[in-house]
Amino acid sequence: WQVWTIYMVLAANLSEQQELKQACPSCDAAQICNCSSMGLDFIPPGLTAKITVLNLAHNRIKHIRSQDLQQAVNLRALLLHSNEISSIDEDSFQSLTKLELLDLSNNSLTHLSPVWFGRLLSLQHLHLQGNLYRDLGESSPFSSLRNLSSLQLGNPQFSVIRRGNFEGIELLNKLWIDGRNLNQYEQGSLKLIKKINHMIINLRNSNIFSEIVRDLLHSVTWLEVREIKLAVETKSLVQNSTAPFRMQKLTLKDAFCTDQSLSRILVLLKNITSLRQLEAIDCVLAGKGEWNMEEIARSGQSLVETISIINVTIQNFHLFADLYGIESQVNKLKRLTIASSKVFMVSCSLAKHFSSLLYLDFNDNLLVNNRLNETICEGAWPSLQTLNLSQNSLKSLHETAKCISRLPRLTNLDISQNNFGDIPDACAWPKTLKYLNLSSTQIPKVTACIPQTLEVLDVSANNLKEFGLQLPFLKELYLTKNQLKTLPGAAPIPNLVVMSVRRNKLNSFSKEEFEGAQVGAVHLSLMECHRSLVVSLICILVFLVILILVAVGYKYHAVWYLRMTWAWLQAKRKPKRAPPKDICYDAFVSYSENDSNWVENIMVRELEQACPPFRLCLHKRDFVPGKWIVDNIIDSIEKSHKTLFVLSEHFVQSEWCKYELDFSHFRLFDENNDAAILVLLEPIQSQTIPKRFCKLRKIMNTKTYLEWPLEEEQQQMFWENLKRALKS
């Protein structure tokens, strides 16, 4: 019956399907429907329940109508970004109860209606940024979105956030607000959200910045602020708040600050005792490093453990001070990254105070050898384990190694993308060094300068023609993009596990290159020797097991029991009875198609034209198109005062009626209520009733039922009894 139903739906909507196929060819017989960038100015008709992903981005759609998405009941992702949508009918998304992603970004919406999202109970990701609305209304548009995980909103016109705008949201993985022109923020608005893992906000108003930080101290883990122009803040960032706080990481991106504002923010951030990471990306500092060191020192020890400074522009970097006086603030720091920021030196006196630093990244800066001698002086960076000096201006590998040898605990070193050009015969390195990256350094050969303590060596992208070093502890060797004509010998690197030799000039292999255990001494498992045969046997075995299970299941109605168990579990989760206001029908009628003439032409006419008329629910007429048959049956029974079964030999043999009876069986008879009315259209032999409907057989033996009389003079009495039963 399901195949027949689908066939009828397809036949009825054939013209719409053809129109959909013409408008968007990729939608034909596919679950993922990609209609992006096709110049559409409307949502194409003919969308069906089989579609789970619908991409309508980058079109010219202006309006979403109620019926546009009505049949797409299994939609999981709906992408409508980069259109011209300015209006949405309030019930446009009503049938999309399974929707998990809705992207309406970069359109022309001037307001947000809570009704749009009222039925989107499965929604996890909502993108609303880049529209024209100036606020979120007086209340929360998101109050029904209990499963929301990420929310993106705001635009250049967005200017007001009110208390209550985020009511209903308790937990977000990511919140992104484009509030670059935000000028009004009601204190406490974001406090309603109990937990936010990562919040991004574009914000230029520094006064609002401090208010938002105060609201987020107990909820956000990682706060990322973009486009802020930091002012000299006077009020505390933790005003009227008590520890413990949740905020652990603060990122400033595309920010602008002066010496004075930066000094002040460093002082104020110390009050956020949970803060462990500071990050500055693509920022501009208009100053010379003349920070208020006295105030910074007086405010106490910083608890921050990780600082990342990436692509920061210091307008007068050649005049920048040596940060004398900041020493007391760095001795707890564990990880420091200053990349792509034109660093050319760190003073020796400052470097000695990084007593706890384990990781240092100076990638893509202006370090040269004579300045490196000052940066890594004797006693500097005493705990350092990992050092990245890649992509600088180092020229001498000998001098570089000499400086680095002063780091007694160093294990990982990256000096790749420095133009050494030559390699000495011997170098001094830390005795603890295990990882060395010398890729892209223009060295023409390898010598004893490479330390024997290494476990990982990368000399890719050089001019090497051979590799003959003895490295007894080496486990990984990377030789990609060189000029090698032969493989390295196996004996000098006995513990090697990984070797990469891609993009070389290998053309022959010698016996020595493959020295190892003799074939006779190697014992392989059956799986290793006959992998294909073992896999084939396993597949055949699995297939036979599945075949047996299917046969047994078919014989003993396993599928029926599974489907009924699932339906029973679903029904159990719903309320026992619908509230009176939700009752739409006097009776839901369950009957066989072979009895439709009597039901539809005799019974329906008699009952629906009575005074007062009865409201009957028939599957042909009243089931919701596109809705799953199980939900239709259960919903119809729940919304009906009674359930009327028209019993006959046809009813018992009908698959359709079996399903309706199954769900009624679980929903009605399991609750022991009196909502079932049995009408016997013709005599039924008890042995014809399937044994699995034991409760129905019992009820027919114990419960009074109405029999349809063939004599006309008795039929009037039958109708009166039936109407009386329906009213009871």
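This is a short walk through one predicted model, from the whole chain down to single residues.

Let's start with the overall picture. The protein chain has 728 residues, and 46% of them are buried. Its secondary structure comes to 18 helices and 32 strands. The accessible surface is about 37,100 Å², with 54% of that belonging to carbon and sulfur atoms. Now contacts along the chain. Take those with a separation of 6 or more: 61% are between residues 24 or more positions apart.

Next, the cores. In soluble globular proteins, nonpolar side chains tend to be buried together. Here, the largest nonpolar core has 146 residues. Phe93, Phe166 and Trp381 have the most contacts inside that core. What does Trp381 touch, leaving aside neighbours within four places in sequence? The list is Val346, Ala351, Phe354, Leu357, Leu360, Phe362, Thr375, Ile376 and Leu407. There is also a second, separate core of 23 residues. Trp598, Val599, Ile677 and Leu722 are among its members.

Helix α12 spans residues 596-608, and helix α18 spans 712-727. Their axes come within 11 Å and cross at roughly 70 degrees. An angle of 65 to 115 degrees counts as roughly perpendicular, so α12 is roughly perpendicular to α18. From α12, the contact uses Trp598, Ile602, Met603, Glu606 and Leu607. From α18, it uses Phe718, Trp719, Leu722, Lys723 and Leu726. By type, that is eight nonpolar residues, two charged and no polar.

Now some loops. Begin with the one between β13 (220-226) and β14 (249-253), which holds Phe245. Is Phe245 buried or exposed? Its relative accessibility is 11%, so Phe245 counts as buried. Beyond its sequence neighbours within four places, Phe245 contacts Leu217, His218, Val238, Asn271, Ile272, Thr273 and Ser274. Leu216 lies 29 residues away along the chain, yet the C-alpha atoms of Phe245 and Leu216 are separated by 8.9 Å.

Pro244 sits in that loop between β13 and β14 too. A cis peptide bond joins Ala243 to Pro244, with omega at about 5 degrees. Glu227 is also in the loop between β13 and β14. Its phi is near 70 degrees, a positive value in a residue other than glycine. Glu227 is partly exposed, at 21% relative accessible area. For context, most residues other than glycine have a negative phi, and most peptide bonds are trans.

Each of those two features turns up elsewhere. Cys611 and Pro612 are joined by a cis peptide bond, omega about 0 degrees. Pro612 is in the loop between α12 and β29 (616-617). Gln417 has a positive phi, near 60 degrees. Gln417 is in the loop between β23 (412-414) and β24 (435-437). At 43% relative accessibility, Gln417 is partly exposed.

Ser383 lies between α7 (369-375) and β22 (386-388). At 14% relative accessibility, Ser383 counts as buried. Apart from neighbours within four places, Ser383 contacts Ser355, Ser356, Leu357, Leu358 and Arg409. Leu394 is in the loop between β22 and α8 (397-404). Its relative accessible area is 1%, so Leu394 is buried. Leaving out neighbours within four places, its contacts include Leu367, Leu372, Thr400 and Phe420. Leu394 and Ile415 are 21 residues apart in sequence and 8.7 Å apart, C-alpha to C-alpha.

Methods
Residues numbered from 1 in each chain as written. Predicted model: local features only at pLDDT ≥ 70, side-chain atom pairs only at ≥ 80, totals over all residues. Heavy atoms only, no water. Axes fitted to C-alpha atoms, helices over the stretch in contact; angles between N-to-C directions. Helix = DSSP H or I, 4+ residues; strand = E, 2+ residues; numbered from the N terminus. Parallel < 35°, antiparallel > 145°, perpendicular 65-115°, else oblique. Contact = heavy atoms within 4.5 Å. Nonpolar A, V, L, I, M, F, W, Y, C, P; charged D, E, K, R; others polar. Buried < 20%, exposed > 50% of the residue type's maximum accessible area, 1.4 Å probe, protein only. Areas by Shrake-Rupley, 256 points an atom, 1.4 Å probe, with all protein chains shown as cover. Core = buried A, V, L, I, M, F, W, Y, C linked by side-chain atoms within 4.5 Å.
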